[in-house]
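Please find below a short note for a colleague who is new to this structure. The points are numbered and may be read in order.

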Amino acid sequence: MEKEKMLAGELYDPRDAQLLGERHRARLLTKAFNDTSDDQGKERKRLLSELFGSMGKGAFIEPPFHCDYGGNITLGERVFMNFNCVILDVAEVNVGNHVMFGPGVQVYTATHPLDAEQRRSGLEFAKPIIIGEDVWIGGGAILCPGVTIGARTVIGAGSVVTKSIPEDVFAAGNPCRVIRSLGD
């Protein structure tokens, strides 16, 4: 029941036994992945295939990597994530083909009520994140709940993306905003 609420973007209890078990499974898989060496490419691929909802051909992640569940993450083909990326995949995270993440990129679908009393209850909710094809997200960028990054867009290093960004632009800053068009 709580998992269905979570995936529907409704308030849910993250202390639910099923969700605790799924997060524990993700922790074990990411620890095993993070403990591999560069010469264990097949083992890395096996662990990530078990962790993620789906993973396209040629996807590559540099350890260490961390996530909440893994099963809510869909990676396209030839996705590259550099060291220290974190994805809080309480809701769906859909990453298109040929996307590059710099080191330390953080993707947060999880969020909490703004009302203090409601927040004190421990309930939380999430909003999905969609990243289009051929996107480059610079190192240290943070993607906040519910954003979409349009295809072929570049997000500058250290940016905090609080609102969706259109296709074919360079965007940067805190909060992230369009700096210029990358189109013709």
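At what angle do H2 and H3 pack, and how far apart are their axes?

1. The model is a predicted one. In it, H2 and H3 pack at an angle of about 165°, and their axes lie 9 Å apart. Angles over 145 degrees count as roughly antiparallel, and H2 and H3 are therefore roughly antiparallel to each other. The crossing in which H2 passes H3 is left-handed.

2. The residues that form this helix pair can be listed from both sides. H2 contributes Arg25, Ala26, Leu29, Thr30, Ala32 and Phe33, which meet Arg44, Leu47, Leu48, Glu50 and Leu51 of H3.

3. The nonpolar interior comes next. In soluble globular proteins, nonpolar side chains tend to be buried together. Here the largest nonpolar core comprises 37 residues, and Phe65, Phe101 and Ile131 have the most contacts inside it. At least two residues of this core come from each of the helices H2 (17–34) and H3 (41–51). The strands S3 (65–67), S4 (73–75), S6 (85–88), S7 (93–95), S12 (129–131) and S18 (169–173) likewise each supply at least two.

4. Leaving aside residues up to four places away in sequence, Ile131 touches Asn94, Val95, Gly96, Val99, Phe101, Ile137, Leu143 and Ile149. Phe101, one of these partners, is itself named with Ile131 among the residues with the most contacts inside the largest core.

5. Glu2 belongs to helix H1, which spans residues 2–7. Is Glu2 buried or exposed? Its relative accessibility is 15%, so Glu2 counts as buried, the cut-off for this class being under 20%. Not counting residues up to four places away in sequence, Glu2 touches Tyr12, Asp13, Asp16 and Leu19.

6. How many disulfides does the model contain? A disulfide requires two cysteine sulfur atoms within 2.5 Å, and by this rule the count is zero. Cys67 is in no disulfide, and the nearest cysteine sulfur to it, that of Cys85, is 12 Å away. For Cys85, which is likewise in no disulfide, the nearest cysteine sulfur is that of Cys67, 12 Å away. Cys67 counts as buried because its relative accessibility is 4%, and Cys85 counts as buried because its relative accessibility is 1%.

Technical notes: Residues numbered from 1 in each chain as written. Predicted model: local features only at pLDDT ≥ 70, side-chain atom pairs only at ≥ 80, totals over all residues. Heavy atoms only, no water. Buried < 20%, exposed > 50% of the residue type's maximum accessible area, 1.4 Å probe, protein only. Helix = DSSP H or I, 4+ residues; strand = E, 2+ residues; numbered from the N terminus. Contact = heavy atoms within 4.5 Å. Core = buried A, V, L, I, M, F, W, Y, C linked by side-chain atoms within 4.5 Å. Axes fitted to C-alpha atoms, helices over the stretch in contact; angles between N-to-C directions. Parallel < 35°, antiparallel > 145°, perpendicular 65-115°, else oblique. Left-handed = near helix turned anticlockwise from the far one by under 90°.
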